[in-house]
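Here's a quick tour of one protein model, written for someone who likes to know the cut-offs behind the words. Have a look at the fold before reading on.

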Amino acid sequence: MTLPNKISIFRLILIPLIVAVWIFPFAQFGINLPVYHVSIVSISLKNIIVCILFAIGSFSDFLDGYLARKNNQVTTFGKFIDPIADKCLTSTMFILLAASQVIPVIPVVVMVWRDTIVDGARMMAAGKGSVMAAGILGKIKTASQMLCIILTLLNNFPFEIMSIPMASVLLWFSMIISVLGGIDYYNQAKPYIWESK
């Protein structure tokens, strides 16, 4: 197995660790995690730990693609596992944040629906021997989602100090870009979706 593929799998392994830290009932076990204050922003140690783990996973997304291209190690398995690892990482975090009522549910639902529909369209196109390549909108979506999650975990620091709701802006921006990218995928897959035979 190539190093880029190992990095993609490592990203998947990080996900249950992130979930475990987020949902672990520290208080029930008598563990009081400290909360750090920077100006008007308060950030708990739990958020910082999850943010670090998520940031490592996000960086690995860039790293595996860079190494695969640099070392000519682009594989079929890599094309399969890399987008799955990305979506699992970001979708899991969005669901955890929405379930904890940190962010609104609607943009999360829209983005999860979009990913499900796009995956179905890509599978349909693949069944016809056509590969639907990820476009620039998909890359912008992933980058904005990852930055949105990091800022949300840090309670919008440092933008909160300047009264700029950057985390919220990125959340809704991610949703809009996600929908636009989904439309692009639909247009690519339309001949296969509406094929009469």
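## Ground rules and overall layout

Helices and strands here are DSSP runs, numbered from the N terminus: a helix is H or I over at least four residues, a strand is E over at least two. This is a predicted model, where local features need pLDDT of at least 70 and side-chain atom pairs count only at pLDDT 80 or more, while totals for chains, interfaces and linings use all residues. Residues are numbered from 1 along each chain as its sequence is written, and side-chain values use heavy atoms, with hydrogens and water left out.

So what's in the chain? There are six helices and two strands, and reading from the N terminus the order is α-β-β-α-α-α-α-α. Taken along the principal axes, the C-alpha atoms fill a box of roughly 60 × 35 × 30 Å. Of the 197 residues, 39% are buried (buried means under 20% relative accessible area, exposed over 50%, and partly exposed in between, using a 1.4 Å probe and protein chains only).

## How the helices pack

Two packed helices are described by the angle between their axes and the distance between the axes. The axes are lines fitted to C-alpha atoms, for helices over the stretch in contact, and the angles run from 0 to 180 degrees between N-to-C directions. Angles under 35 degrees count as roughly parallel, over 145 as roughly antiparallel, 65 to 115 as roughly perpendicular, and the rest as oblique.

Take α2 (residues 45-70) and α3 (residues 76-99): their axes sit 11 Å apart at an angle of about 160 degrees, so the two helices are roughly antiparallel. Helix α2 also pairs with α5, where the axes come within 9 Å and cross at roughly 165 degrees; α2 and α5 are therefore roughly antiparallel too. As for handedness, a crossing is left-handed if the near helix is turned anticlockwise from the far one by less than a right angle, and right-handed if clockwise. The crossing of α2 with α3 is left-handed, and α2 passes α5 in a left-handed crossing as well.

How many salt bridges does a search of the whole structure find? Seven, where a salt bridge is a side-chain nitrogen of Lys or Arg within 4 Å of a carboxyl oxygen of Asp or Glu. One of them joins R11 and D82, at 2.7 Å from N to O. That pair links distant parts of the chain, with R11 in helix α1 (residues 3-23) and D82 in helix α3, 71 residues apart. R11 counts as buried because its relative accessibility is 0%.

R11 has another salt bridge, to D86, with the closest N and O atoms 3.0 Å apart. Since R11 lies in α1 and D86 in α3, this pair ties together parts that are 75 residues apart in sequence. D86 is at 11% relative accessibility, so it counts as buried. Elsewhere, D115 and K141 meet at 3.7 Å, N to O, bridging helix α4 (residues 105-127) and helix α5 across 26 residues of sequence. D115, at 7% relative accessibility, counts as buried, and K141 is buried with 4%. Salt bridges that share partners join R11, D61, D64, D82 and D86 into one network.

## The loop between α5 and α6

Which peptide bond is cis? The one from F157 to P158, with omega near 5 degrees, and P158 lies in the loop between α5 and α6. N156 is found in that loop and has a positive phi of about 65 degrees although it is not a glycine. N156 counts as buried, at 5% relative accessibility. S163 is placed in the loop between α5 and α6, with phi near 60 degrees, a positive value in a residue other than glycine. At 62% relative accessibility, S163 counts as exposed.

I161 sits in the loop between α5 (136-153) and α6 (166-193) and counts as partly exposed, with 38% relative accessibility. Together with V38, I40, M162 and I164, I161 forms a nonpolar patch on the surface, with about 430 Å² of accessible area in total. Patches are made of residues with over 30% relative accessible area and no salt bridge; like charges are joined within 9 Å and nonpolar side chains (Val, Leu, Ile, Met, Phe, Trp, Tyr) within 5 Å. The accessible areas come from the Shrake-Rupley method with a 1.4 Å probe, and for residues only the protein chains shown count as cover.
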